[in-house]
Each structure stands twice: as C-alpha cells, then as structure tokens.
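User: I would like to see how the labels on this model follow from its computed values. Please take them one at a time.

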Amino acid sequence: LPSMEHVLRGSLIERYLRCGKPGCKCAQGEGHGPKFYLSVSFAGHRPQMDYVRQGDYERVSQCLSNYQQLRAAIEEICEINRELLRRREAL
C-alpha cells in the first residue's frame, strides 16, 4: 500500500485560459496553458478547485494514483470480509 502522506483524492483538470488582451494569440487559439487544477468534490457542495503548479503535476498525479490503489485494496478487503461473514467464518 502507498504511504498515507502520499495519498490525495480528487481529479486533475486541464484548462487553457484566455487572458482577455485583444492582441494576444489566445484570443484566436486554444488559450494559455495547459494549466492544471485539482478538483475535489464534497457531498452537498460545489467541487473545490486548487491550482497545481507545473512542477507539482507529477507528484500530484502520483498521489491521485496512490489513492486509487488504496481504494481498490480497501474494496478487495471488504469483499473478502463480506464473504467470510457470509460463510460465518471469523473476520
């Protein structure tokens, strides 16, 4: 399992932003970027977005992957425990 200090829940969002200057290349093209944001959803609230610096992208991406691995491991453990309970064996 990954180390708990390297686990992060959410999604990375890639955005291209327009600066609003009339003569800028972004007015006609894709925009400036890519810029990355961590999006985290909470029940009953709008998702929160936090800017991720280019230099932090790989680390944040790995932390998100670690979360998915941890979540999959927990689901597998729960499934094993449910089967043990169904068989009336010790958990």
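Analyst: The model is predicted. The protein has 1 helix and 3 strands, in the order β-β-β-α from the N terminus.

User: How many of the residues count as buried?

Analyst: Of the 91 residues, 20% do. The accessible surface comes to about 7,300 Å², and 51% of that belongs to carbon and sulfur atoms.

User: Why is the pair of phenylalanine 36 and tyrosine 57 called tilted?

Analyst: The ring centres of phenylalanine 36 and tyrosine 57 are 4.4 Å apart, and the cut-off for a pair is 6.5 Å. Their planes stand at 40°. Stacked needs under 30 degrees and edge-to-face over 60, so the pair is tilted.

User: Which parts does this pair tie together?

Analyst: Phenylalanine 36 lies in strand β2 (residues 32-40) and tyrosine 57 in helix α1 (residues 57-86), so the pair ties together parts that are 21 residues apart in sequence.

User: Is phenylalanine 36 buried or exposed, and what does tyrosine 57 count as?

Analyst: Phenylalanine 36 has 8% relative accessibility; buried means under 20%, so phenylalanine 36 counts as buried. Tyrosine 57, at 25%, falls between the 20% and 50% limits, and therefore counts as partly exposed.

User: Why is the pair of tyrosine 37 and tyrosine 51 called edge-to-face?

Analyst: The planes of tyrosine 37 and tyrosine 51 are at 65°, and edge-to-face asks for over 60 degrees. The ring centres are 5.6 Å apart, within the 6.5 Å cut-off, so the pair is edge-to-face. Tyrosine 37 is in strand β2 and tyrosine 51 in strand β3 (residues 48-52), so this pair ties together parts 14 residues apart in sequence.

User: What do tyrosine 37 and tyrosine 51 count as?

Analyst: Tyrosine 37 has 16% relative accessibility and so counts as buried. At 46%, tyrosine 51 counts as partly exposed, because exposed means over 50%.

Note on methods. Residues numbered from 1 in each chain as written. Predicted model: local features only at pLDDT ≥ 70, side-chain atom pairs only at ≥ 80, totals over all residues. Heavy atoms only, no water. Helix = DSSP H or I, 4+ residues; strand = E, 2+ residues; numbered from the N terminus. Buried < 20%, exposed > 50% of the residue type's maximum accessible area, 1.4 Å probe, protein only. Areas by Shrake-Rupley, 256 points an atom, 1.4 Å probe, with all protein chains shown as cover. Phe/Tyr/Trp six-rings, centres within 6.5 Å; stacked < 30°, edge-to-face > 60°.
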